[in-house]
Amino acid sequence: MSLIANRRDVDFMMYEFLNLDKVFQTERYQSYDREAVSAILDTAEAIAEDKYLPCAAKLDANEPSFDGEKVSIIPEVGEGLQAFAEAGFYAASFDEDVGGAQLPGIVNLTLAGFFSAANPGINSYAFLTVGAANMLNAVGTQEQKDKYLGPMLEGKWSGTMCLSEPQAGSSLSDIRTKATPTEEGHYLIEGSKMWISGGDHELTENIVEMVLAKIPGGPPGVRGISLFIVPKYRVNDDGSLGAKNDISLAGLNHKMGHRGTTNCLLNFGENGDCHGYLLGKPHEGLKNMFHMMNEARIGVGHGATMSALAGFLYSTKYAGERLQGRHPQDKDPSTPQLPIIEHTDIKRLLMAQKAAVEGASALLYYCTDLVEEQKLTDDKDAQNRLALLLEILTPIAKSWPSEFCLEANKHAIQVLGGYGYTREFPVERLYRDNRLNHIHEGTHAIHGIDLLGRKVSMFDGAALKLLLQEVQATLSATSEMSALGEYNKDLEQALKVLVETTETVKAHENVNTQLANATIYLDAFGHVVIAWLWLRQAQIATNALANAQGDDVAFYQGKLAACRYFFRYELPKALVQFKLVSDLDETCMDLKPEHLTGNNPL
Amino acid sequence: MKVLVPVKRVIDYNVKPRVKPDQTGVDLANVKMSMNPFCEIAVEEAVRLKEKGIVTEIVVVSIGVAQAQETLRTALAMGADRGILITAEGDVEPLAVAKILKAVADEEQPGLILLGKQAIDNDNNQTGQMLAALLDWPQGTFASEVVVEDGKVNVTREIDGGLQTVALEGPAVVTTDLRLNEPRYASLPNIMKAKKKPIDTKEAASFGVDISPRLTVLKVTEPAEREAGEKVEDVATLVSKLKAAGAL
């Protein structure tokens with residue numbers, strides 16, 4: 001059994017939950033079919049198994065180091081990335097006219113998942129490079145694309161995103177990095193950037209840093225932020241590498257997880273000679289960076305889901321092999337011990353993981369499909385509708401997996417007991433890796449504020465209305481299915497509470513109070529979305545069970561069991577949370593700093 | 001020089017085989033199937049010879065069910081030029097495979113036939129040797145190195161006592177061992193290019209050779225489960241137990 005992929009579930013997501021066969025019939029993707037996709041996924045899975053997975057523990061134990069001159073990383077990282085590049089995966093999702101393979105996004109998500117489950121520390125370098133290349137492709141000039149895109153899509157150069165600064169993390173409007181125009185056309189960049197993943201290393205010939213900076217004299221706050229290409233080595237007009245740019249690595253951060261990816265404090269322009277090139281229009285940097293950030297946010301949710309998948313697969317395998325104890329009614333010590341997977345509470349821990357992983361997975365496939373459909377339609381109304389759905393679901397797609405798939409990793413450790421707490425087993429590493437996802441790409445709280453403060457009200461609540469219509473469609477489609485009747489009613493009720501809670505909060509006059517429990521709202525909202533997607537999966541499974549044979553019977557029964565679990569054990573929690581939010585509870589708001597310890601920390 | 005590479009579709013090496021409830025064989029329903037790893041090594045070697053400019057065309061051939069076409073596509077994605085699918089139902093035994101391959105070789109006239117030393121499903125290790133005998137060509141089996149120069153195929157063989165190098169006058173049959181090379185991954189662009197490469201389909205019956213099985217499978221069972229061992233107090237007890245068991 002693979003420890004990084006469940007290919008049956010992948011096929012379910014691609015061909016049963018979504019309709020990838022229909023995507024193959026479009027002009028854009030007509031060269032693809034099931035056989036080719038299967039072969040491509042085989043290659044991805046094999047490289048992830050052979051080159052990424054075996055060194056995951058070693059990379060975790062031997063994080064990159066900096067001697068003041070250069071960054072050292074164990075050689076397996078470069079070898080893994082080289083195999084990824086040779087397989088053509090950097091360019092996989094890009095259009096054919098820029099040298100890509102024009103792979104359907106749904107397939108690209110799947111293959112990226114194998115690498116992410118196997119070794120997120122290596123995967124991040126490729127993930128960031130693809131994201132930066134995507135942004136360059138979307139907003140760069142032809143000249144910029146000619147210069148940078150080719151080597152990035154071949155994996156020869158890597159890419160990063162440089163937003164945060166030591167004094168400005170979540171509060172982007174407070175960044176200080178300065179970009180001064182010169183007569184030669186380039187800008188001089190000056191400032192420090194913090195938390196830059198892949199910011200420096202020797203894995204690639206060049207690093208294309210995508211930097212947010214302010215052009216002096218521009219508007220204040222986020223409206224005065226511009227985006228710049230700042231390469232580690234300057235690039236000559238013929239594409240060859242020139243002098244090293246004035247970027248210096250001030251130090252590496254030493255992280256809890258994701259330890260294979262360098263995380264840097266970078267100083268730009270210490271000697272006043274850091275060349276940057278404006279990407280997109282002045283002061284539109286943040287808008288353009290969102291090309292990368294929205295993709296990255298779905299990617300973060302997916303990464304969280306894949307770390308949980310790896311924990312789920314490992315702990316399931318372990319629970320089938322580990323013998324321990326007997327059922328409460330069988331006390332006779334002369335009888336053989338049971339594999340722990342037979343114990344009810346272990347089943348609960350495993351089912352909780354399955355419900356989180358496959359629920360989150362459905363959400364990420366759904367969002368990726370929205371992105372895909374946007375590409376496949378010329379109809380402006382349809383595009384607008386898809387974009388709105390994506391707007392409201394992006395904070396959920398990033399945050400729900402980060403919270404509840406991390407919880408799944410906690411359960412995986414619990415299944416292994418003491419062994420799970422040791423570094424001899426991978427589950428504690430998976431937990432540490434996953435803990436990052438709650439923090440980066442906008443912290444959990446930021447997404448709560450984004451959802452409750454902005455997304456549910458945008459365009460007079462249009463995005464929320466669209467999402468409600470989608471959920472209603474599933475409710476209508478399942479209303480006659482007797483086996484799903486209970487879930488249908490529960491979801492309808494939860495949806496009603498969600499709407500009422502949202503209205504109550506919006507009607508309140510004080511914004512601080514409105515947003516006081518935005519994080520709680522985010523979690524509860526996410527639960528309703530995941531419950532909806534479990535009902536959809538259960539609908540498909542119920543229909544498929546009628547003609548299922550062999551292992552498929554257990555597969556579909558498993559989907560129904562997970563749906564049942566989610567509706568019984570998880571969805572009720574959302575109702576409690578919505579109550580707190582609609583009460584406009586001020587417990588935390590009223591808290592004074594001195595209440596925490598009796599001393600005022602201010 | 002043209003190279004012929006026979007490849008076999010087998011149960012994936014990662015899959016734990018399950019015996020069918022009626023004990024007639026291994027259950028292959030809904031089981032992941034892939035190219036036999038030894039065959040992958042043969043394809044890789046052929047591609048490397050082509051990259052060195054020694055080989056001009058690589059023809060891959062597979063005998064079996066229609067889905068063996070996927071195995072041919074994998075070989076084409078690794079760098080083979082065209083495929084021949086020979087459809088046959090049921091188990092085709094090594095002698096029957098060798099006979100069909102002889103007929104293909106008569107038609108294709110390759111300078112070299114490169115094939116895996118054995119397939120991981122039945123572990124027969126017979127086809128290459130039988131094929132060489134039927135063709136009356138020299139054979140170099142269990143190759144860990146293949147060098148083609150001055151019209152000769154020099155094959156370093158892994159044998160019990162170490163390594164043996166034989167120089168074969170072409171055309172020749174070479175079977176590949178595990179250490180010959182590390183097969184490449186089929187890249188995304190090459191998988192898509194392979195879709196456009198030609199695959200000829202023929203029926204095994206059209207070759208006019210007798211492929212009917214000569215063996216009868218009585219039953220297939222799981223290996224007996226390993227039973228728990230026994231701890232003894234001291235060496236003397238161990239020796240007496242071993243004697244009692246007839247081991248000493």
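How many residues does the contact take from chain B, and how many from chain A?

Analyst: This is a predicted model, in which local features need pLDDT of at least 70 and side-chain atom pairs count only at pLDDT 80 or more, while totals for chains, interfaces and linings use all residues. Residues are numbered from 1 along each chain as its sequence is written, chains are lettered from A and ligands numbered from 1 in the order in which they are written, and side-chain values use heavy atoms, with hydrogens and water left out.

The contact (heavy atoms within 4.5 Å) draws 16 residues from chain B and 23 residues from chain A. The size of an interface is often given as the accessible area lost when the parts come together. Here the two chains bury about 1400 Å² between them, 54% of it on carbon and sulfur atoms; buried area is the accessible area (1.4 Å probe) that two parts lose on being put together, summed over both.

Four salt bridges are counted between chain B and chain A, a salt bridge being a side-chain nitrogen of Lys or Arg within 4 Å of a carboxyl oxygen of Asp or Glu. One of them pairs B:Lys195 with A:Asp33, whose closest N and O atoms are 2.6 Å apart. On the chain B side, the elements that give two or more residues are α2 (68-78) and α5 (188-194); helices (H or I, at least four residues) and strands (E, at least two) are DSSP runs, numbered from the N terminus. The largest share, four residues, comes from α5(B).

The loop between β10 and α5 of chain B holds B:Asp177. B:Asp177 counts as buried because its relative accessibility is 5%, where buried means under 20% relative accessible area, exposed over 50% and partly exposed in between (1.4 Å probe, protein chains only). Residues touched by B:Asp177, leaving aside those up to four places away in sequence, include B:Phe38, B:Lys117 and B:Phe142.

Strand β10 (residues 172-176) of chain B runs parallel to strand β7 (residues 139-149) of chain B, joined by three bridges; two strands pair if DSSP finds at least two bridges between them. In this pairing B:Gln139 stands opposite B:Val173. Strand β7(B) also runs antiparallel to β8 (residues 152-159) of chain B, with six bridges, and B:Val147 stands opposite B:Asn154 in β8(B). β7(B) and β8(B) form a hairpin with two residues between them, and B:Asp150 in the turn has a positive phi of about 50°.
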